[in-house]
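Subject: Structure for you to look through

Hello,

I am passing on the structure we spoke about, and below it you will find my notes on what was found. Please read them slowly, with the structure open beside you.

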Amino acid sequence: MSKRKPAEEYHKTFAFHFFSWLQGEKDPYLGNVEMKPQEEYVIDPEMQLRHEKEHDAILDKVYDMAHNRELRLFHRLYQATSILFCLFLMALLLVTISHLPATGAAVKPVNNEVAARYIESGLEETGAVNIVAGMILDYRAFDTLGESHVLFVATITVLIMLRLDKNKKGEPNPLTRDMNPNDRIYEPKNDAILQLVASFLVPIIIIFGIYIILNGHLGPGGGFSGGAVIGAGLILYLNAFGFSKTERFFTEKTYKWICFFSLSFYCLAKSYSFYTGANHLHSIIPKGTPGAILSSGLILPLNIAVGLVVACTMYAFYAMFRKGGF
Amino acid sequence: MDFVCNFPFFSILISLFSGTICSVLPEKAAKAVNRIVIAAVGVMSGILLLYLLGTGESFVYWMGHFPAPWGNEIRAGILEAGMALFFCIIMYLSMAGGAHKLFDEVEESKHNLYYILINLLLSSLLALVYTNDMFTAYVFVEINTISACGLIMIRQVGRTIEAAVRYMIMSLLGSGLFLFGLCIMYDLTGHLLMSNIKESVALLIQSGEYQIPLIVSVALMCIGLCIKSALFPFHAWLPDAYGYSTVSSAAILSSLVSKGYIFLLIKIIYRVIGFEIFNNTRIIDVLFVFGLLGMIFGSLSAIKENDIRRMIAYSSVAQIGYIYMGFGMGTQAGMVASVFHILSHAATKSLLFIAAIGLTEVSGGSRKFIDLTGAGYRNKWAGVAFTAGSLSMVGVPLFSGFISKLLFAQAAVQVEGKMLAALIVLGISTVLNAIYFMKTVIRIYATTGDTSYPCITFKDMKVHAIVLLFFIVLNIILGVSSQPIVNMIEQGLAMFA
Amino acid sequence: MGPNLWINYGEAVAAILFCIGFTNLLLQTNLIKKIIGLNIMDSAIYLFLAEKGYIAGRTAPIVTDGITSVEAYINPIPSGLVLTGIVVSVSVSALMLSLTIRLYIRYHSLDLDEIAAQLKKEGR
């Protein structure tokens with residue numbers, strides 16, 4: 001440092017800054033580059049009110065279907081493209097269908113060894129006279145197991161949506177408060193004609209439903225159709241006599257336990273059958289004589305289980321839609 | 001047959017049956033049953049995976065007393081077992097991580113119904129993974145859809161109900177198309193089992209018969225599953241559904257439900273149509289284009305979002321675009337990349353959703369970015385986890401997202417004609433990802449003078465923190481030891497043929 | 001166009017109905033009409049399947065008089081698939097209807113667009 005500069009001049013040079021930074025005397029970033037703390041945001045109530053009003057006004061204008069030209073144009077465009085897409089789909093499907101094998105022909109890919117075995121040895125292998133019942137409850141039982149659970153999960157979702165529950169203190173829940181539990185006020189009560197006809201019809205309908213379920217393996221019918229008929233009978237009874245009568249024998253608890261036992265039985269019975277089938281074990285379930293009412297192994301009990309589930313589910317759907325409970 | 005071979009069947013049946021059982025149990029017991037079932041299924045899948053790695057062969061399992069073309073079947077290979085194990089892990093972690101916020105705005109008396117839905121969802125996912133029969137797949141797709149809808153709407157605010165309606169409408173359009181395609185396929189082949197359909201399809205292709213219906217049927221099934229898994233133009237229902245449902249629902253929906261459909265599509269491509277035949281159709285080009293569009297538009301929508309959960313939801317659209325881009329490349333490498341991305345996205349997206357709830361919790365329940373300022377300091381664990389998830393999404397090495405991007409890039413290089421487009425869009429999408437994820441990370445670590453919100457320490461959120469830790473570890477495992485996993489995926493895909 | 005369009009007129013009708021249902025489900029803003037569209041769509045698929053199983057001159061697959069020859073009965077598989085499909089469609093309709101009821105009670109409207117507009121205004 002032979003050529004000493006005056007102190008003031010030296011303080012302006014880069015070397016001075018560098019050495020002082022090196023010795024920790026000074027941080028060049030401090031106070032220069034560092035971010036300032038954010039200013040506190042003060043809410044002006046008047047401004048906020050105005051903002052909200054403007055916001056509402058904008059929304060009103062945007063969602064005003066009648067006057068917003070862009071929105072209308074967008075809707076038109078959307079509809080036009082959708083219609084074009086649907087027309088295109090229709091043309092595509094028609095062309096496809098024109099190439100498919102002819103309806104009603106005996107020789108086509110569908111009529112192969114699979115269908116042949118179902119028809120030829122279905123009676124022997126499943127014991128069911130109704131080949132379709134034998135197919136869905138024995139050959140392809142896994143599908144049907146899934147199907148009954150589709151119905152089950154749908155009931156659960158309907159329960160979630162519509163069941164009106166009270167919380168522990170017995171107050172109606174605020175989330176479902178706006179639902180009206182009773183929509184019957186506008187309907188005629190104790191209609192004599194309806195009650196008389198229903199008292200004739202309901203037993204017949206229910207017996208017919210039971211017949212369909214029990215004959216599922218012998219003729220047209222089965223658990224689902226029979227269950228739907230019984231459900232319809234119950235709904236008719238409910239309409240004629242009101243909830244106070246049906247609640248004597250059918251509450252949510254009944255529904256819960258019937259569903260539980262039927263589905264559990266279904267699951268366990270089919271698990272047994274799948275397990276023995278896959279491990280090539282002999283199944284102890286007797287097939288019986290084809291054509292007799294007690295025949296065809298598991299198909300009859302499974303039909304009864306499905307019938308119970310379906311009947312209860314149909315009634316439960318209706319009760320849920322009517323007043324959000326049983 | 002070894003006893004282990006019963007495990008796929010046991011896992012499906014146990015989870016179905018536990019759904020029924022939960023309907024009569026009180027909430028606590030239902031919760032316990034649910035946890036035990038998920039854990040048990042996970043353990044079984046793990047054992048099955050080890051067994052299959054040992055034998056190196058897949059097997060079919062008769063569902064009943066009748067052999068292949070007549071009875072119903074399920075099938076297990078390495079990929080199936082691995083997927084089942086992975087789904088169980090994610091589901092368990094999502095349930096545990098969202099447990100304290102599970103019943104936000106859900107009625108008390110309906111809590112046990114939630115567990116029924118979860119059990120049935122698990123069983124349907126397992127059935128989709130294991131099934132060897134197209135019609136069974138359709139039935140379980142419906143269970144999956146309905147229970148997913150239940151998961152969305154169980155939190156009964158207006159938005160979720162509307163989202164559930166939109167979700168159902170899109171899903172029903174999808175299943176209608178899928179079923180129609182399935183019926184045409186059945187008409188052409190006369191079979192419903194996947195392996196038998198494949199044989200018949202190969203014969204049809206050789207003989208040159210019914211070419212048009214065959215292609216149309218495949219296309220209908222593909223479009224159906226694309227709609228259901230929220231590929232780009234069909235994603236309108238997604239942000240509300242993921243953004244407003246309870247946190248566990250959102251994590252499960254984004255990481256598992258859509259992946260179930262995608263896995264079914266992979267199965268259809270390999271086991272029903274045949275990989276070569278599928279690649280010779282124009283369908284893969286359509287999937288490729290929509291995948292690319294999804295990658296860009298999903299990210300763009302995410303950038304515009306002002307709500308953290310909706311932003312993550314939109315990011316899902318982009319990630320699903322990646323997966324379909326992999327399908328669209330039409331090579332084995334692209335497929336491997338897609339399968340790996342299914343795993344990596346599932347692990348990361350559920351992590352992000354679970355971490356986001358931790359952040360919103362310390363911001364007065366608000367999900368707006370302005371309120372989240374500094375949330376990373378108030379809830380350190382969630383902040384770190386969110387950062388890790390974001391880095392993984394952006395594709396930083398060490399995390400799983402890097403490997404899947406690497407695999408996609410490698411796969412793209414091998415494809416002529418699609419390389420440039422794929423690489424450019426991959427690059428753009430990565431940048432866009434970085435923009436919106438880094439924006440969020442910077443936001444949650446910005447200093448603020450506002451201290452009105454409470455801080456949360458480890459003691460207040462033990463389970464949550466441990467779950468987040470597990471998720472981060474899972475991500476790092478996927479990112480660091482990717483080679484064995486990629487090998488396993490390759491082996492599993494080879495088993496499909 | 002292939003050769004079989006006129007022979008397959010049943011399937012053609014099914015395809016047209018399917019598209020009508022599809023369009024309704026996609027385009028109607030009224031939820032009840034959407035559900036009707038959904039049911040038309042599903043029924044069209046069952047019609048299609050029923051046509052697939054039919055073979056001219058044969059009877060329903062229920063064994064009568066002990067005859068178990070393939071020549072006597074139609075194909076039973078599509079009938080079974082229709083049975084399964086119907087249950088699925090019933091479940092889905094019930095679910096959609098319950099959602100509609102809740103939305104109507106809360107927003108006093110069946111129009112999905114109007115409900116969406118109300119939701120946006122609510123700002124939740």
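Predicted model: local features only at pLDDT ≥ 70, side-chain atom pairs only at ≥ 80, totals over all residues.

B:Cys88 sits in helix α3 of chain B, which covers residues 78–97. If you set aside the neighbours within four places in sequence, B:Cys88 is in contact with B:Ile38, B:Val41, B:Gly42 and B:Ser45. How far apart are B:Cys88 and B:Ser363 in sequence and in space? In sequence B:Cys88 and B:Ser363 are 275 residues apart, and from C-alpha to C-alpha the two are 31 Å apart in space.

Chain B has 21 helices and 2 strands, and of its 497 residues, 66% are buried. A compact globule of 497 residues would have a radius of gyration near 23 Å, and chain B, with 22 Å, therefore agrees with that expectation. Taken along the principal axes, the C-alpha atoms of chain B fill a box of roughly 75 × 55 × 45 Å. If you consider the contacts in chain B between residues at least 6 apart in sequence, 79% of these contacts join residues at least 24 apart.

Two packed helices are described by the angle between their axes and the distance between the axes. The axes of helix α14 of chain B (residues 332–361) and helix α20 of chain B (residues 462–480) come within 10 Å and cross at roughly 155°. Are α14(B) and α20(B) roughly parallel or roughly antiparallel to each other? Angles over 145 degrees count as roughly antiparallel, so α14(B) and α20(B) are roughly antiparallel to each other. The crossing of these two helices, α14(B) and α20(B), is left-handed. On the side of α14(B), the residues that meet α20(B) include B:Leu343, B:Ala347, B:Leu351 and B:Ile354, while among those that α20(B) brings to the contact are B:Val467, B:Leu468, B:Phe471 and B:Ile472. The residues of the contact of α14(B) with α20(B) divide into 11 nonpolar and 6 polar, with no charged residue.

The secondary structure of chain A consists of 12 helices and 0 strands. Of the 326 residues in chain A, 34% count as buried. Among the contacts in chain A with a separation of 6 or more, 69% are between residues 24 or more positions apart.

Next come the places where the chains touch. Where chain A meets chain C, the contact takes 53 residues from chain A and 51 residues from chain C. On the side of chain A that touches chain C, at least two residues each are supplied by α4 (69–99), α5 (113–126), α6 (131–139), α7 (141–162) and α12 (299–323) of chain A. Which helix gives the most to this side of chain A? That helix is α4(A), which gives 12 residues. By residue kind, the side of chain A that touches chain C divides into 37 nonpolar, 11 polar and 5 charged.

Chain C also touches chain B, with 28 residues of chain C in contact with 22 residues of chain B. The elements of chain C that give two or more residues to this side are α1 (9–27), α2 (31–53), α3 (76–107) and α4 (112–122). Of these, α3(C) gives the most, with 11 residues. The residues on the side of chain C that touches chain B divide into 20 nonpolar, 2 polar and 6 charged.

Finally, please look at two residues in loops. B:Ala230, in the loop between α8 (211–228) and α9 (238–244) of chain B, has a positive phi of about 60° although it is not a glycine. C:His108, in the loop between α3 and α4 of chain C, has a positive phi of about 50° and is not a glycine either. Is each of them buried or exposed? B:Ala230 is buried, with 30 other C-beta atoms within 10 Å, whereas C:His108 counts as exposed, with 10 C-beta neighbours inside 10 Å.

With best wishes

Notes
Residues numbered from 1 in each chain as written. Chains lettered and ligands numbered in written order. Contact = placed C-beta atoms within 7 Å. Helix = DSSP H or I, 4+ residues; strand = E, 2+ residues; numbered from the N terminus. Nonpolar A, V, L, I, M, F, W, Y, C, P; charged D, E, K, R; others polar. Buried ≥ 20, exposed ≤ 12 C-beta atoms within 10 Å, placed from the backbone. Axes fitted to C-alpha atoms, helices over the stretch in contact; angles between N-to-C directions. Parallel < 35°, antiparallel > 145°, perpendicular 65-115°, else oblique. Left-handed = near helix turned anticlockwise from the far one by under 90°. Rg over C-alpha atoms; globule rule 2.2 N^0.38 Å.
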